[in-house]
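Please find below my note on the model, arranged as numbered points.

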Amino acid sequence: MRDVPVGSNSCVGEIACQYTYAIDENSNVRVAIGDNSCNARGACVGMDKSVIPFDNSCNGPGACNNFHGTMGNGSCNCEGCCRCLPSNSVVPNNSCNSVGQCCESNGWPLQNKIGAGACNTLAEDSCSFLQTATIGSGSCVGSKACYDSSMNVGSNSCIGSQACYRVRHGAGQMYAHIGFGWPPYETFETNEALIGNDSCNGQSACSDNSRALAVGNNSCNGNYACNGYTNSGRNEKVIGSNSCNCPNCCLCLRDLGSTVSATVPDNSCNSLAPDADSIDWVNGGSGPYNHCCTA
């Protein structure tokens, strides 16, 4: 916590207000915490941009974890009450004080469907800022595994540090205005990426895919296997099943031009080529292929 104006009886609890910064580089106030607020473990960790002092709010474990918006008085008083809300959210007074009102238990957004054993801990931010999504059982496990993503994920996928960090099918923004009708989310151009079962496992395996991505079953497993795969263009990239399964296997495909729609068929590119002449992948071909990228 740095230079944060804090009122009486606030920020009590383990890491209650850790990484909460109030003053930006231009000496402008970014966060102001009033009285009787942010009390419990991790209640206001990483809070930012709530410039209007609020009282009697954010009391509960992880209640306002990484909240970036405007907080009212007497709001968000339960475990994980408001940690699912996207940036620039506005929470009115006396709102979001029970599980299921604004976020589900453990702080996941109401419109998301989270399977058993998925999104494993609040502390690791595995699903913080998750947008519209369906997450299968045992998926999104690891530090920021599915942070700030919008996708449909099968079972046992996106496991590892930042495995599916910022993965979306289409660019977009999301803002929330709680208390002004249902649903509370106004969504602009946000679509979901599609990831099958047992896929995108490994450090940053499928991270930073901000365009159109579809991955089959048992694919993109390995550190950076399909990292940034669609950052290079707006057209859709499709990876079939049982493909791109080794570290960096399909990493080079992120350098394709912006007009390219690339496809890796099933059972392809599961090892790195020893040299460029050994690459046999042909975009649009039926395969299977041995290599897409070099070591």
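1. The disulfide between Cys-244 and Cys-250 is left-handed, because the torsion about its S-S bond is about -80°. Its sulfur atoms are 2.0 Å apart, where a disulfide is defined as a pair of cysteine sulfur atoms within 2.5 Å. Both Cys-244 and Cys-250 are buried; buried means under 20% relative accessible area, exposed over 50%, and partly exposed in between, with a 1.4 Å probe and protein chains only.

2. This is a predicted model, in which local features need pLDDT of at least 70 and side-chain atom pairs count only at pLDDT 80 or more, whereas totals for chains, interfaces and linings use all residues. Residues are numbered from 1 along each chain as its sequence is written, and side-chain values use heavy atoms, with hydrogens and water left out.

3. Cys-269 and Cys-292 each lie in the segment after S11, so the pair ties together parts that are 23 residues apart in sequence. Cys-269 and Cys-292 are both buried. By the distance rule, the count comes to 13 disulfides.

4. Confidence deserves attention. The mean pLDDT of the protein chain is 77, and 73% of its residues reach 70 or more; pLDDT is the predictor's confidence in each residue, from 0 to 100. Over residues 170–191 the pLDDT is below 50, although this stretch has 60 contacts in the model beyond near neighbours in sequence. A contact here means heavy atoms within 4.5 Å. Where pLDDT is low, the predicted coordinates should not be read in detail.

5. What secondary structure does the protein chain have? There are 0 helices and 11 strands, helices (H or I, at least four residues) and strands (E, at least two) being DSSP runs numbered from the N terminus. Of the 295 residues of the chain, 51% count as buried. Among contacts between residues at least 6 apart in sequence, 34% join residues at least 24 apart.

6. The largest nonpolar core has 36 residues, and Cys-244 is one of those with the most contacts inside it, as are Met-151 and Ile-195. Such a core is a set of buried Ala, Val, Leu, Ile, Met, Phe, Trp, Tyr and Cys residues joined through side-chain atoms within 4.5 Å. Strands S5 (151–153), S8 (193–195) and S9 (213–215) each supply at least two residues of this core. Apart from it lies another core, of 25 residues, among them Cys-17, Ala-43, Met-71 and Cys-102.

7. Ser-268 lies in the segment after strand S11 (263–264) and counts as buried, because its relative accessibility is 1%. A polar atom of its side chain lies 3.1 Å from the backbone oxygen of Asp-266, and a polar atom of the Ser-268 side chain lies 2.9 Å from the backbone nitrogen of Tyr-289. Leaving aside neighbours within four places in sequence, the residues in contact with Ser-268 include Cys-244 and Pro-288. The peptide bond from Gly-287 to Pro-288 is cis, with omega near 0°.

8. Ser-75 is found in the loop between strand S1 (69–71) and strand S2 (89–91). At 0% relative accessibility, Ser-75 counts as buried. Its side chain reaches the backbone oxygen of Asn-73 at 3.4 Å. Not counting residues up to four places away in sequence, Ser-75 touches several others, including Asn-56, Cys-58, Val-91 and Asn-97.

9. Most residues other than glycine have a negative phi, and most peptide bonds are trans. Arg-166, in the loop between S5 and strand S6 (173–176), has a positive phi near 55°; Arg-166 counts as partly exposed, because its relative accessibility is 34%. Cys-220, in the loop between S9 and strand S10 (237–239), has a positive phi near 60°. Cys-220 counts as buried, because its relative accessibility is 0%.

Terms used. Polar contact = N/O pair within 3.5 Å; in protein donor to acceptor, adjacent residues only side chain to side chain.
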